[in-house]
Amino acid sequence: MLRLLNLELQKLLLNRTSKVLIIISFILPFFIIFLSSLKINVFGFFTLELGELGVFNFPIIWHLTTFFASQFKFFFAIVVVSMIGNEYSNKTLKQNLIDGLSKKEFILSKFYTIIFISLISTILIGFISLCIGLYYSSYNEFSIIIQQTNFLLAYFIKLVGFFSLCLFLGMLVKRSAFALAFLFVLFIVEWIFYGLIAWQSDSNIAEKIQNFFPLKSMYKLIDQPFQRTAMMKFPEKANLVYDYAVHWYEIAIVLGWTALFIFLSYRLLKQRDL
């Protein structure tokens, strides 16, 4: 495993574009989360400090930071599809196979890299969330601090699932730009199916079915925290109550899609004449 991971990381770090994208992918979410924890003077009219609003209290901070950090996964998506696009354009895929790397090992090297990138991102998000929380949170009991850290697990699985989808699309179309375009097309297709199902039945049934779709199931791992934040400030708003928890079946759905995307990527490579 380490040999395959090391081989792939060398390719990425030797590519200037991939290196820049990786650095941006790691830095940007933390920079924005860090800025949101500062006092910001809004044109001299008032000072905005989100920390004073309680949004960085434990345990809600785990929900908030993982949700916003996951919005920047598109930069990593470019890196993942570029891994495949560069293999075809630079003909390194064929050379790797000639040098003795099996097709299974080739796919595994990509998957191990996806896991590694997702794990590093999760650790960094966890670290910065812990630091901001310890500084701002009104609660410092250990039992409260570790509550809902399962959002970190959901964040990790969400990244692995999304990047596995990008890997499959990269293998399918062989070009980075087309693979990214397919992501947008898939998003549109999922909503078209949702609309058709809602038209034939009702929106509740359509939403339950939509939650099994690839992109939607990944999004559902970490639901948006805005209603939860509003409910925290206005507890009398009972109509804002919703289920924001991370559920085992949501994790199972994404893991199922992840396994399918990796398997299909391998099947594509195995059946292709290189």
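This is a predicted model: local features need pLDDT of at least 70, side-chain atom pairs count only at pLDDT 80 or more; totals for chains, interfaces and linings use all residues.

User: What makes the pair of Phe-76 and Phe-163 edge-to-face?

Analyst: Ring centres must lie within 6.5 Å, and planes over 60 degrees apart count as edge-to-face. The centres of Phe-76 and Phe-163 are 5.7 Å apart and their planes stand at 70°, so the pair is edge-to-face. Phe-76 belongs to helix 4 and Phe-163 to helix 8, so the pair ties together parts that are 87 residues apart in sequence. Both Phe-76 and Phe-163 are buried.

User: Why is Phe-67 called buried, and why is Phe-68 called partly exposed?

Analyst: Buried means under 20% relative accessible area. Phe-67 has 6%, so it counts as buried. Phe-68 has 34%, which lies between 20% and 50%, so it is partly exposed. Phe-67, Phe-68 and Tyr-219 form one aromatic cluster.

User: How do you know that the charged end of Lys-73 sits over the ring of Phe-162?

Analyst: The distance limit is 6 Å from the ring centre, and the charge must also be within 35 degrees of the ring normal. The charged end of Lys-73 is 5.0 Å from the centre of the Phe-162 ring and is assigned as sitting over it. Lys-73 and Phe-162 are also among the residues nearest the centre of the largest pocket.

Key:
Residues are numbered from 1 along each chain as its sequence is written. Side-chain values use heavy atoms; hydrogens and water are left out. On a 1 Å grid over the protein atoms alone, a cavity is a set of points where a 1.4 Å probe fits but cannot get out, and a pocket is an open set with protein on both sides within 12 Å along at least five of seven lines; lining residues have an atom within 4 Å of a point. Buried means under 20% relative accessible area, exposed over 50%, partly exposed in between (1.4 Å probe, protein chains only). Rings of Phe, Tyr and Trp (its six-membered ring) pair if their centres lie within 6.5 Å; planes under 30 degrees apart count as stacked, over 60 as edge-to-face and the rest as tilted. Helices (H or I, at least four residues) and strands (E, at least two) are DSSP runs, numbered from the N terminus.
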